[in-house]
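Please look over the sequence and the model shown here, and then follow the chain from its overall plan to its details.

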Amino acid sequence: MRLDHVNIRANDQEAMRDFLVTVLGLRVGERPPFDFPGYWLYLGDTAIVHMQGTDRDPKEAGWIDHLAFGPFDFDAKRAELDAAGIAYRATHVPDRPLRQIFVVGPEGVKLELQCPDGVTP
C-alpha cells in the first residue's frame, strides 16, 4: 500500500492550480471526464494532487477533501468493511479501470481506497 494522492477543494481553482504549479513545479495533466470541474496536477507521470471546485466558506472545515491509498482488492476490502460495520461509498472512475471505496472516519477524515480492476495486491 502507498499514499496515492491528495484531493484539494478550492473556490478559485485557477489560482490554486497556478500556485501549486509555480511553488511545487507540478504540471497540469490529463483527468478523467468527471461531472464536476477540476484539475489533476502531476509530478512526473503521477497525478499527486487532484483538485475540485467548491463554493464553501473558507472558514469551514479544511480544504483537504481526502487522502487516497492503494492498491486494494475491491471485493475483499468491501467484505472487510461490511464485517467491521463500517459504512462506505463505492464508485468507478470514468474511462479508467479503477474503482474507489470512500470511507469517513473520526472527525470527518475521508479516505479513498483505490481498487484497480483486475489487480490483487
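Along the sequence, the chain follows the pattern β-α-β-β-β-β-α-β-β-β, and it holds two helices and eight strands, where helices (H or I, at least four residues) and strands (E, at least two) are DSSP runs numbered from the N terminus. This is a predicted model, in which local features need pLDDT of at least 70 and side-chain atom pairs count only at pLDDT 80 or more, while totals for chains, interfaces and linings use all residues. Residues are numbered from 1 along each chain as its sequence is written, and side-chain values use heavy atoms, with hydrogens and water left out.

The strands form an open sheet of eight in the order β2-β3-β4-β1-β5-β8-β7-β6, with mixed pairing, two strands being paired if DSSP finds at least two bridges between them. Because β2 (27-29) and β6 (89-92) stand at the edges with a single partner strand each, one side of each is left without a neighbour in the sheet. Within the sheet, strand β5 (residues 64-70) runs parallel to strand β8 (residues 110-116) and is joined to it by three bridges, with Phe 69 standing opposite Leu 113 in β8.

Of the 121 residues of the chain, 35% count as buried.

Definitions and conventions: Buried means under 20% relative accessible area, exposed over 50%, partly exposed in between (1.4 Å probe, protein chains only).
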